[in-house]
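Let's take a friendly walk through this structure, one region at a time. Have the sequence and the 3D view ready as you read.

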Amino acid sequence: MANLPRLKMTSDRKKSIIDDSPAIFEIVDNPNAVNAAPFYEIEEASEIGKWCGIIIHLSQKHGVDSRLVEAIMHMETTHGWYDMFYPMRKTILPMNLHYKYWRELGVAKENLGCPFYSIEFGVILLARIQARIEQPTIAKIATIYNFLGAEKVNDYGARVAKLYITRPRSKEGCTR
């Protein structure tokens with residue numbers, strides 16, 4: 001990994017992900033990142049139990065830890081629930097992907113309307129992010145999923161890392 005380009009700019013990182021070209025995304029830990037649930041997190045809105053079979057299948061297919069996908073989905077569906085009230089929204093749950101931003105990766109609004117494709121594009125994005133971090137952690141991967149240009153772990157990444165450990169709503173739905 002030593003000879004790979006080290007990318008910091010959001011646009012360069014996006015191009016690397018879309019082209020699937022090797023690179024390193026430098027990101028460091030942040031002891032000040034907050035992992036507590038914000039007041040607007042609604043646990044009951046989590047869609048993990050609804051889609052866990054698809055999560056497991058697609059995680060295995062793309063070599064991503066299914067618990068990471070569950071934590072991201074929990075975060076997005078328990079924080080992004082208000083999106084259903086905005087008809088002009090640009091992101092679509094359950095993985096909350098921005099369809100115009102990722103259209104060069106094959107993401108389309110019509111595709112994301114199907115949860116299978118939303119989850120698959122989210123998993124592909126997580127796999128490509130993880131492959132570009134030298135010492136990947138859940139917090140680092142999640143932070144870059146949240147903000148492609150991040151250079152240090154943010155509150156989103158810290159919260160996902162906590163959710164990864166606590167596994168909220170994991171008993172609902174699938175049998176493991």
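**A walk through the model**

Helix H6 is mostly covered, with 8 of its 9 residues buried. Keep in mind along the way that this is a predicted model. The buried residues of H6 are Ile138, Ala139, Lys140, Ile141, Ala142, Thr143, Ile144 and Tyr145. What lies over them? The cover includes helix H1 (10–19), S2, H3, strand S4 (97–98), H5 and H7.

Let's look at one of those partners, H5. Two packed helices are described by the angle between their axes and the distance between the axes. Helix H5 spans residues 115–130 and helix H6 spans residues 138–146; their axes come within 10 Å and cross at roughly 120°. Because of that angle, H5 is oblique to H6. The crossing in which H5 passes H6 is right-handed. On the H5 side, the contact is made by Gly122, Leu125, Leu126, Ile129 and Gln130, and on the H6 side by Ile141, Ile144 and Tyr145.

Is phenylalanine 25 buried or exposed? Its relative accessibility is 1%, so phenylalanine 25 counts as buried. Leaving aside neighbours within four places in sequence, phenylalanine 25 is in contact with Leu7, Arg13, Ser16, Ile17, Arg132, Ile133, Ile144 and Leu148. One of these, Ile144, is also among the buried residues of H6. Phenylalanine 25 and proline 136 are 111 residues apart in sequence, yet their C-alpha atoms are 10.0 Å apart in space.

Now follow the chain past H6. Glycine 149 sits in the loop between H6 and helix H7 (155–166). Glycine 149 counts as buried because its relative accessibility is 11%, and the cut-off for buried is under 20%. Which residues does glycine 149 touch, not counting those up to four places away in sequence? They are Lys8, Thr10 and Arg13. Arg13 is also one of the contacts of phenylalanine 25. Glycine 149 and isoleucine 27 are 122 residues apart in sequence, while in space they are 9.3 Å apart, C-alpha to C-alpha.

Another pair of helices is worth a visit. Helix H2 (residues 48–62) and helix H3 (residues 66–79) pack at an angle of about 145°, and their axes are 9 Å apart. Here too the crossing is right-handed, with H2 passing H3. H2 brings Ile48, Trp51, Ile55, Ile56 and Ser59 to the contact, and H3 brings Ser66, Val69, Glu70, Met73 and His74. The residues of this contact of H2 with H3 divide into 6 nonpolar, 3 polar and 1 charged.

Next come the aromatic rings. A pair of aromatic rings is described by the distance of the centres and the angle of the planes. The structure holds 3 aromatic pairs. In one of them, phenylalanine 39 and tyrosine 40 have ring centres 5.2 Å apart and planes at 90°, so the pair is edge-to-face. Phenylalanine 39 is exposed, at a relative accessible area of 80%, whereas tyrosine 40 is partly exposed, at 37%. Tyrosine 101 and tryptophan 102 form another edge-to-face pair, because their planes lie at 85°, with the ring centres 5.0 Å apart. In this pair, tyrosine 101 counts as partly exposed at 27% relative accessibility, and tryptophan 102 counts as buried at 7%.

Our last stop is the backbone. Most residues other than glycine have a negative phi, and most peptide bonds are trans. Leucine 93 and proline 94, however, are joined by a cis peptide bond, with omega about 20°. Proline 94 is found in the loop between strand S3 (91–92) and S4. Asparagine 96 is found in the loop between S3 and S4 as well, and asparagine 96 has a positive phi of about 60° although it is not a glycine. Aspartate 20, in the loop between H1 and S2, has a positive phi of about 55° and is not a glycine either. With a relative accessible area of 44%, aspartate 20 is partly exposed.

Key:
Residues numbered from 1 in each chain as written. Predicted model: local features only at pLDDT ≥ 70, side-chain atom pairs only at ≥ 80, totals over all residues. Heavy atoms only, no water. Axes fitted to C-alpha atoms, helices over the stretch in contact; angles between N-to-C directions. Helix = DSSP H or I, 4+ residues; strand = E, 2+ residues; numbered from the N terminus. Parallel < 35°, antiparallel > 145°, perpendicular 65-115°, else oblique. Left-handed = near helix turned anticlockwise from the far one by under 90°. Contact = heavy atoms within 4.5 Å. Buried < 20%, exposed > 50% of the residue type's maximum accessible area, 1.4 Å probe, protein only. Phe/Tyr/Trp six-rings, centres within 6.5 Å; stacked < 30°, edge-to-face > 60°. Nonpolar A, V, L, I, M, F, W, Y, C, P; charged D, E, K, R; others polar.
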